[in-house]
Amino acid sequence: MADVPVAASALSSLAALVVSAQADLDPRAMAAIRQWVLAGGRLLIIADGPGDGWRRWFPPGPSGDVVTVGDSRVTPTPAGLSRAAGRPLPLP
């Protein structure tokens, strides 16, 4: 994913950003996304693999420990989200 901006300001025109938890990004791009989210950007992380790799999208330290996960379940992707993502997201 080399085309992801490394400056938070480059993300300012987005309504939301949908990412795979497994995405391999330049650390500068990851930092820009975190900064954009802290400024009010909306990030949807698709946890599409085993484990808690999705946690790396959160900042390190106490501010990144604010999310707890309950029981998981498979549900259909809402139509509005599928349209926003540009493609339907497959169910396992």
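These legends walk through several close-up views of one predicted model. Local features are described only where pLDDT is at least 70, side-chain atom pairs count only at pLDDT 80 or more, and totals for chains, interfaces and linings use all residues. Residues are numbered from 1 along each chain as its sequence is written, and side-chain values use heavy atoms, with hydrogens and water left out.

View 1. Start here to get your bearings: the chain has two helices and two strands. Helices (H or I, at least four residues) and strands (E, at least two) are DSSP runs, numbered from the N terminus. Of the 92 residues, 21% count as buried. Buried means under 20% relative accessible area, exposed means over 50%, and partly exposed lies in between (1.4 Å probe, protein chains only). Contact means heavy atoms within 4.5 Å. Among contacts between residues at least 6 apart in sequence, 55% join residues at least 24 apart.

**View 2. Helix α1 has a buried side and an exposed face.** Look for A29, M30, A32, I33 and W36, which are buried in α1. They cover an arc of only 160° around the axis, so they sit on the same side of α1. That arc is taken from the directions from the helix axis to the C-beta atoms. The buried residues of α1 pack against β1 and β2. On the face turned away from the buried side you will find the exposed residues P27, R28, Q35 and L38. How far apart are the end C-alpha atoms of α1? They are 17 Å apart, which agrees with the 16 Å that its 12 residues should span at 1.5 Å a residue. The expected span is 1.5 Å times one less than the number of residues.

View 3. At the start of α1, a side-chain oxygen of D26 comes to within 2.7 Å of the backbone nitrogen of R28. After α1 comes G40, with a positive phi near 115°. G40 lies in the loop between α1 (27–38) and β2 (43–46). Is G40 buried or exposed? G40 counts as exposed because its relative accessibility is 58%. The C-alpha atoms of G40 and S12 are separated by 9.5 Å, although these residues are 28 apart along the chain.

**View 4. The largest nonpolar core has 14 residues.** A nonpolar core is a set of buried Ala, Val, Leu, Ile, Met, Phe, Trp, Tyr and Cys residues joined through side-chain atoms within 4.5 Å. V4, L17, L25, I33, W36 and W57 touch the most other members. Two or more residues come from each of β1 (17–20) and α1, and α1 gives the largest share, four residues.

**View 5. V4 lies in the segment before β1.** V4 counts as buried because its relative accessibility is 16%. Setting aside neighbours within four places in sequence, V4 is in contact with L25, A29 and I33. The C-alpha atoms of V4 and D26, 22 residues apart along the chain, are separated by 8.2 Å.

**View 6. One aromatic pair is found in the whole structure.** The ring centres of W54 and F58 are 5.8 Å apart and their planes meet at 80°, so this pair is edge-to-face. Rings of Phe, Tyr and Trp (its six-membered ring) pair if their centres lie within 6.5 Å; planes under 30 degrees apart count as stacked, over 60 as edge-to-face and the rest as tilted. W54 counts as buried at 15% relative accessibility, whereas F58 is partly exposed at 22%.

Terms used
A polar contact is a pair of N or O atoms within 3.5 Å; within protein, one must be able to donate a hydrogen and the other to accept it, and residues adjacent in sequence count only if both atoms are side-chain atoms.
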